[in-house]
Amino acid sequence: MSITLNDQDALTLRLAAWGAVSLMSAAGAAGSAHKAATHGSIALTAATGQVGHVITKAPKGVKYGKTVAELADQVLPALTAAVNLLKRQDPAEAGNFRRTVIVAVEAASRSHQGEPGPTMTEMARKITEALDAA
């Protein structure tokens with residue numbers, strides 16, 4: 001099956017995926033936010049399938065929130081919207097998107113020495129919850 005995305009749909013997918021990595025980076029700022037962002041970004045650029053072709057490029061011109069709370073207010077609903085959008089067109093691609101974001105979140109959280117802290121763990125939970133809300 002094939003999906004058809006207009007520019008706004010593609011932006012929603014990019015905002016959601018790259019925003020999830022940004023949230024993990026912000027949540028891990030006490031450790032190495034740069035490492036978290038790098039590891040998460042590598043996972044997104046390695047995505048495959050039709051979704052992979054869309055989210056490989058980071059969104060351009062997006063004004064993210066200046067605080068973690070503002071960023072979460074943008075990204076968490078976008079994650080749910082992205083999965084809903086894809087489910088309507090191709091449930092397999094919705095699953096691919098969900099798995100890709102989870103891999104990116106896990107990669108970002110593994111950028112720390114040892115176990116991720118409670119803030120990163122909680123952010124990963126919120127991201128997964130937003131993906132599953134669809």
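The secondary structure of this protein consists of six helices and zero strands, where helices (H or I, at least four residues) and strands (E, at least two) are DSSP runs numbered from the N terminus. From the N terminus on, the elements follow the order α-α-α-α-α-α. The radius of gyration is 14 Å, close to the 14 Å that the globule rule gives for 134 residues, so the protein is as compact as a globular protein of that length. This radius is taken over C-alpha atoms, and the globule rule is 2.2 Å times the number of residues to the power 0.38.

The model is predicted: local features need pLDDT of at least 70 and side-chain atom pairs count only at pLDDT 80 or more, while totals for chains, interfaces and linings use all residues. Residues are numbered from 1 along each chain as its sequence is written, and side-chain values use heavy atoms, with hydrogens and water left out.

**Overall form**
- The C-alpha trace spans about 40 × 25 × 25 Å along its principal axes.
- Of the 134 residues, 45% count as buried (under 20% relative accessible area, with a 1.4 Å probe and protein chains only).
- Among contacts (heavy atoms within 4.5 Å) with a separation of 6 or more, 79% join residues 24 or more positions apart.

**Leu 76**
- Leu 76 lies in helix H4, residues 68-89.
- Leu 76 counts as buried because its relative accessibility is 18%.
- Beyond its neighbours within four places in sequence, Leu 76 is in contact with Leu 23, Lys 126, Ile 127 and Ala 130.
- Gly 117 is 41 residues from Leu 76 in sequence and 20 Å from it in space, C-alpha to C-alpha.

Conventions
Buried means under 20% relative accessible area, exposed over 50%, partly exposed in between (1.4 Å probe, protein chains only).
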